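Subject: Model handover

Hi,

My notes on what turned up follow below.

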Amino acid sequence: MEALINAQTFPVHYRKHSFIVTPNDTNRYIYLIMKGVVRGFYKDSGFEITTWICHENEIVGAINNPWKDAPSHGYIQALEDVELIAVPRELTTMLYGDFSEANIIGRKMMELYYRVAYDRALICQVRSATGRYRYLLKVFPWMIGRVPLIYIASFLGLRLETLSRTRASEIRKKTIDDGLNL
């Protein structure tokens with residue numbers, strides 16, 4: 001199994017702001033992020049709607065099923081210079097069919113994926129902008145200072161202005177709270 005993986009996967013690099021996947025690209029690969037941050041998004045009436053943001057040691061692929069030989073419905077974009085390992089779709093299918101341990105590994109990876117997908121879905125259900133921002137700080141703290149606010153706002157389903165006001169309010173509140181704890 002290891003020999004097959006080493007023979008058929010390969011590193012790819014994308015510069016900041018480059019598109020890794022665009023609509024109508026076929027789902028040929030899934031990617032393991034070795035270095036950097038990428039986001040998945042789609043366009044609706046001229047607006048970019050960020051559906052996920054991932055970083056090192058996460059697997060990403062087309063927004064629709066990455067194991068189908070079909071065009072993508074969205075985009076994957078590098079938010080930093082990224083280093084990825086490209087895994088051919090056919091390789092995953094072959095590994096699942098030929099190696100029982102690949103099924104166990106795949107199941108564990110899907111458990112992790114669904115746990116993060118749950119957090120992404122839950123964040124959109126929080127009613128207030130403050131609640132969404134606080135949940136982001138709790139579950140995805142690595143995004144702060146690393147992901148541009150425009151994409152965080154889109155991910156949270158907020159306008160940039162609303163996110164900026166919310167952040168400023170939370171920073172003022174924290175500063176006051178920290179001052180009272182002296």
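Buried means under 20% relative accessible area, exposed over 50%, and partly exposed in between (1.4 Å probe, protein chains only). Helices (H or I, at least four residues) and strands (E, at least two) are DSSP runs, numbered from the N terminus.

This is a predicted model: local features need pLDDT of at least 70, side-chain atom pairs count only at pLDDT 80 or more, and totals for chains, interfaces and linings use all residues. Residues are numbered from 1 along each chain as its sequence is written, and side-chain values use heavy atoms, without hydrogens and water.

Helix H2 first. Within residues 89-98, the buried ones are Arg 89, Leu 91, Thr 92 and Leu 95. They sit on the same side of H2, because they cover an arc of only 165° around the axis (taken from the directions from the helix axis to the C-beta atoms). Gly 97 and Asp 98 are exposed, on the face turned away from that buried side. The buried residues pack against helix H1 (2-8), strand E3 (29-35), strand E8 (82-88) and helix H3 (100-125); contact means heavy atoms within 4.5 Å.

Next, the sheet. Four strands form an open, antiparallel sheet in the order E1-E8-E3-E6. Strands E1 (10-14) and E6 (59-60) are at the edges with a single partner strand each, so one side of each has no neighbour in the sheet. Pairing requires at least two DSSP bridges between two strands. E1 and E8 are joined by five bridges, with Phe 10 opposite Ala 86 in E8.

Last, the hairpin. E4 and E5 form it with two residues between them, and Ser 45 in the turn has a positive phi of about 55°. Val 38 stands opposite Cys 54 in E5.

Best wishes
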